[in-house]
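Q: I have not looked at this one before. Can you walk me through it, starting from the charged pairs?

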Amino acid sequence: MILYSPALHFVSWTPSNPDACGCTVEFRRSTSSTLRSYSHGLKLSFSASKLRDCDFMSKFGLGRFLAGQGKSRTFLCSDQRQAQNQSTGKWRVRRQNVDLPPIQPKKKKKPYPIPLKKITEAARADKKLAQMGVEKPLVPPKNGLIVPKLVPVAYDVLDAWKIVIQGVSQLLHVIPVHACSECPEVFVGQASHYIQDCQGATSEKRRNFHSWVKGSINDVLLPIESYHIFDPFGPRVTHETRFDYDRIPALVELCIQAGVDIPGYPSRRRTVPIRMLGKKVIDRGGSVEPPEQYCSPHAAASMLEFDTYRTHERFSSPLESEVPSTAQKTIEAYERVKVGLKKLMKKYTVKACGYCSEVHVGPWGHNAKLCGEYKHQWRDGKHGWQDAIVDEVLPPNYVWHVEDPKGPPLRTSLKRFYGKAPAVVELCLQAGARIPAKYKPMMRIDIVVPDNEENRLAA
């Protein structure tokens with residue numbers, strides 16, 4: 001007799017005394033069609049004379065299956081798990097709503113992406129090697145060499161980025177975007193909302209209502225720029241030499257350092273790795289002057305397709321029948337950009353200021369004294385550099401989600417029932433695109449918004 005118990009979860013176990021329970025344990029893989037979804041099989045043979053004293057039977061509640069049976073029985077215990085998560089054995093539960101990341105106070109430094117304990121441990125290890133005279137072990141791209149397998153990823157990110165810029169520019173002709181002239185609030189929809197959460201300079205006079213103006217693509221895709229450097233391991237950008245370097249989108253600069261060649265914006269491709277002793281570079285392969293085309297006026301023209309400058313004039317409104325397909329291509333390209341950025345930032349170093357939105361692509365941050373945030377006087381205007389995250393290179397810019405664009409405007413009294421989504425996602429949603437499932441919990445699509453009169457009765 002073989003009893004299949006899919007509800008029984010058995011962990012690998014080797015008894016210290018096989019005769020204690022009078023059983024033998026045999027591992028095997030199931031071949032029956034009934035157990036194709038099971039990851040492991042376990043065959044147990046028990047002696048009926050010792051079943052009453054067996055702790056294993058009482059622990060798993062199998063005694064009732066053996067009552068009144070013969071002298072020995074054989075069981076097949078299997079572990080059933082979901083196919084998509086077999087490694088952990090955890091059931092996936094679709095959440096109804098998810099809170100957005102908390103807004104960090106301006107009078108406090110951003111949290112470190114890497115725990116401070118690990119940062120200090122790595123610094124102590126590097127210092128110990130430097131005191132011993134041992135060079136710091138470096139692997140690409142930390143030693144100045146590019147990673148060949150990430151070059152196609154960088155090209156794919158730039159191709160997707162061009163699609164995002166073009167798609168958002170075209171959709172702005174169809175779906176209006178409103179921006180507050182006093183605070184960073186942005187709203188996507190035909191009519192602006194009436195939520196009183198403005199924190200601008202004159203918000204008290206307006207009872208915290210927003211002062212809406214017409215928005216642009218820079219309100220949907222927040223421009224994050226960084227200095228383009230020919231040699232990231234060369235001399236650092238100082239406050240006096242900051243005007244000698246071009247400012248381009250940080251996303252594009254990261255792709256250039258990862259192996260993308262853009263006319264007018266060359267980057268040094270090393271064939272010999274650099275050498276470091278602690279924090280000091282002892283051999284960077286000499287100094288190489290950038291080519292003359294680096295200062296050519298054609299450089300701005302080659303960067304135009306990667307920038308959001310005057311895109312409203314460069315891209316016209318799509319046909320009414322092409323709006324849903326344009327929105328779908330845009331949201332898919334946006335996800336490709338985010339996935340590619342995660343892959344690149346795992347290898348290439350990107351620094352972000354812990355107090356402001358400044359980003360620098362390279363092993364060390366620049367020395368330009370441009371930070372004006374909290375206690376910048378103590379730092380002489382210098383940035384507080386730390387490792388950057390994807391949301392600092394490509395900010396999502398969360399906006400309120402509108403369930404019915406033609407319905408009543410959003411109200412302050414029902415604020416806790418509304419969800420939020422990145423501005424690009426909300427723009428594509430209202431244009432007819434299918435939204436990925438990961439954004440649905442934060443948009444609170446499954447939550448029914450009550451009427452104004454029902455608000456006080458809602459739990």
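A: Let's begin with Asp380. Asp380 is partly exposed, since its relative accessible area is 46%. This is a predicted model.

Q: Which residue does Asp380 form a salt bridge with?
A: Lys369. The closest N and O atoms of the two are 2.9 Å apart. Asp380 and Lys369 are both in the loop between β13 (359-361) and β14 (385-387), 11 residues apart.

Q: And Lys369, how does it count by relative accessible area?
A: Lys369 is partly exposed, at 36%.

Q: How many salt bridges does a search of the whole structure find?
A: The search finds 14 salt bridges. One of them joins the side chains of Asp126 and Lys136, at 3.3 Å from N to O.

Q: What does the pair of Asp126 and Lys136 tie together?
A: Asp126 lies in helix α3 (residues 116-131), while Lys136 is in the loop between α3 and α4 (151-171). The pair therefore ties together parts that are 10 residues apart in sequence.

Q: How do those two count by accessibility?
A: Asp126 has 22% relative accessibility, so it counts as partly exposed. Lys136 counts as partly exposed too, at 27%.

Q: What about Glu135, which side chain does it meet in a salt bridge?
A: The side chain of Arg275, with 2.5 Å from N to O. Glu135 lies in the loop between α3 and α4 and Arg275 in strand β10 (residues 275-277), so this pair ties together parts 140 residues apart in sequence.

Q: Where do Glu135 and Arg275 stand on accessibility?
A: Glu135 counts as partly exposed at 33% relative accessibility. Arg275 is partly exposed as well, with a relative accessible area of 37%.

Q: Which residues are linked in a network of salt bridges?
A: Asp159, Lys162 and Glu305 are linked in such a network.

Q: Changing topic to strands. What is the order in the open sheet of three strands?
A: The order is β6-β5-β7, and the pairing is antiparallel. The edge strands, β6 (186-188) and β7 (212-214), each pair on one side only. From one strand to the next, the twist averages 30°.

Q: How many bridges are there between β5 and β7?
A: Strand β5 (residues 177-180) pairs with β7 over three bridges, in the antiparallel sense. As for particular residues, Cys180 has Trp212 in β7 as its bridge partner.

Q: On to helices. At roughly what angle do the axes of α4 and α9 cross?
A: The axes of α4 and helix α9 (residues 323-347) cross at roughly 145° and come within 8 Å. The crossing is left-handed.

Q: What classes of residue are in the contact of α4 with α9?
A: The contact has 16 nonpolar residues, along with five polar and five charged ones.

Q: Is helix α11 mostly covered or mostly uncovered?
A: Helix α11 (residues 423-430) is mostly covered, with seven of its eight residues buried.

Q: Which residues in α11 are buried?
A: The buried ones are Ala423, Val424, Val425, Glu426, Leu427, Cys428 and Gln430.

Q: And which residue takes a positive phi just after α11?
A: Gly432, with a phi of about 110°.

Terms used
Residues numbered from 1 in each chain as written. Predicted model: local features only at pLDDT ≥ 70, side-chain atom pairs only at ≥ 80, totals over all residues. Heavy atoms only, no water. Salt bridge = Lys/Arg side-chain N within 4 Å of Asp/Glu carboxyl O. Helix = DSSP H or I, 4+ residues; strand = E, 2+ residues; numbered from the N terminus. Buried < 20%, exposed > 50% of the residue type's maximum accessible area, 1.4 Å probe, protein only. Pairing = 2+ DSSP bridges. Axes fitted to C-alpha atoms, helices over the stretch in contact; angles between N-to-C directions. Left-handed = near helix turned anticlockwise from the far one by under 90°. Nonpolar A, V, L, I, M, F, W, Y, C, P; charged D, E, K, R; others polar.
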